Amino acid sequence: YFDNVPQAPADGILKLSVLSKADTNSQKVDLGVGAYRDDRGKPWVLPVVRKAEARLHQDPAGNHEYLGVGGHPALTGGAQTLIFGADSAAVQEGRVYTMQTISGTGANMVGAVFLKQFKQPRDASVFISKPTWGNHRSIFETAGHEVREYRYCDYKTLKLDISGMLEDLRAAPQGQIVVLHACAHNPTGIDPTPEQWEQIADVMKERGHFPFFDCAYQGFATGDVDGDAFAIRLFASRGFEMLVAESFAKNMGLYGERTGCLHAVVSRAELLPRVSSQLNRLSRATISTASAYGAKIAGTVLQDPELYQEWLENMRTMSSRIMEMRKLLRARLEELRTPGDWSHVTSQIGMFSFTGLSTEQVQKLRDQYHLYMTDDGRISVAGLNTANIDHVAMAIDAVVRNARI
């Protein structure tokens, strides 16, 4: 029965993780892992998460019963306010439905399957940025969509190719589905400015495109939950119908708890019961009900004013450390007079940075200096710390100089 099943291509990130774990060299630096690390290179459990867990453990009414199909209300209600804002017209008018998902990946998949069944026009394609998170293409193709790309990164300047992006969105057939990163674009760390987001919204409104936002880093990107939600709130205020995938893996450190939400924004409140019923049906068919533990942690934090404020401080701790590592890496490379312009290291934001290193240089860094990053030169800035920053900078300097000789 299984003779005709071909070998699937290896996932680049997972393959890199295997290679890194197998390397026992003391100078090894894993710059591929998409998870926050403290300055000792260790996983960090947010103090506010520990407090929320303690409350759950001490609750005499605590149990492990199934959640409802839509998920944990404390999570979904708090997440809705977090993304759209307490004063959101869409929320106040009853035009937003929020359901719990298996983190952001699950939100993307449920949204992708929903759109495959109900998209208008029926032959609409899904447009993803070039480049994008490696799983986006797989998710939407698995759901049965044709996936196309729009220009995003200018590979010469390592800045946003806004003219190319707008040109591609304007040239796309009417009514396409466009996947947008709300903040801290993965893998580049390149985000549009507020003015550029306005331009993107203008073109998408003009062409009748449907926005599908992926938001994995709200608050984690800059330490400002409102600023990181700017694009989503802009599109909501402009009257777009849309889907928004949200993850609490990064900003609460709930990586393994797989805690996330999918938000649907409709144009009229009377549409919401139908849309929510179909989303619930899809969730029921895939996971039956969402997992409870991470949802209860996140819901506790989102609904308790004191814990919420502490969470904001915890996120500022993470985002400020990453910003400091960006400054240090750029400073070290400039002190070494490494050929090239390294200003993009600090102009990009979030966990990831597109270094501009070639595949050949990445391979040399792996083989000769035990530095692990993806083949496209993306690094996880969270993997840098004060103990390894000099080794990383000197290694990059060496391979870049060798390429210039």
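UniProt positions are given here in the numbering used for this chain, feature names are shortened, and annotations may be inferred rather than shown by experiment. With that in mind, the unreviewed UniProt entry lists residues 27-396 as "domain: Aminotransferase class I/classII large". The model is predicted, so to speak of local features pLDDT must be at least 70, side-chain atom pairs count only at pLDDT 80 or more, and totals for chains, interfaces and linings use all residues. Residues are numbered from 1 along each chain as its sequence is written, and side-chain values use heavy atoms, with hydrogens and water left out.

Helices (H or I, at least four residues) and strands (E, at least two) are DSSP runs, numbered from the N terminus.

**The sheet**

Let us start with the strands. Seven of them form an open sheet with mixed pairing, in the order S2-S10-S9-S8-S7-S3-S4; two strands pair if DSSP finds at least two bridges between them. Strand S2 (96-102) and strand S4 (147-151) are at the edges with a single partner strand each, so one side of each has no neighbour in the sheet. On average, neighbouring strands of this sheet are turned by 25° against each other, direction ignored. Axes are lines fitted to C-alpha atoms, for helices over the stretch in contact, and angles run from 0 to 180 degrees between N-to-C directions.

Within the sheet, strand S3 (residues 126-130) pairs with strand S7 (residues 177-181) in the parallel sense over two bridges. Val126 stands opposite Ile177 in S7.

Helix H7 (residues 162-171) lies across S4 and S7 and runs at about 140° to S4. Helix H10 (residues 230-237) packs on the sheet too, touching S7, strand S8 (210-215) and strand S9 (242-247), and its direction makes about 155° with that of S8.

**Two partners of helix H12**

Two packed helices are described by the angle between their axes and the distance between the axes. Here are the values for two such pairs.

| Helix pair | Angle | Axis distance |
|---|---|---|
| H3 (residues 73-84) and H12 (residues 293-303) | about 50° | 8 Å |
| H2 (residues 47-58) and H12 | roughly 110° | within 9 Å |

Angles under 35 degrees count as roughly parallel, over 145 as roughly antiparallel, 65 to 115 as roughly perpendicular and the rest as oblique. The angle of about 50° therefore makes H3 oblique to H12. The crossing of H3 and H12 is left-handed, meaning the near helix is turned anticlockwise from the far one by less than a right angle; clockwise would be right-handed. On the H3 side the contact includes Ala74, Leu75 and Gly77, and on the H12 side Ala295, Ala298 and Gly299 are among the residues.

H2, at roughly 110°, is roughly perpendicular to H12, and H2 passes H12 in a right-handed crossing. Among the residues that meet are Val48, Glu53 and Arg55 in H2 and Tyr293 and Lys296 in H12.

**Backbone details**

Most residues other than glycine have a negative phi, and most peptide bonds are trans. The peptide bond from Gln120 to Pro121 is cis, with omega near 0°, and Pro121 is in the loop between helix H5 (103-118) and S3. The bond from Lys130 to Pro131 is also cis, with omega near 0°; Pro131 sits in the loop between S3 and helix H6 (134-142). Leu158, although not a glycine, has a positive phi of about 55°.

Key. Contact means heavy atoms within 4.5 Å.
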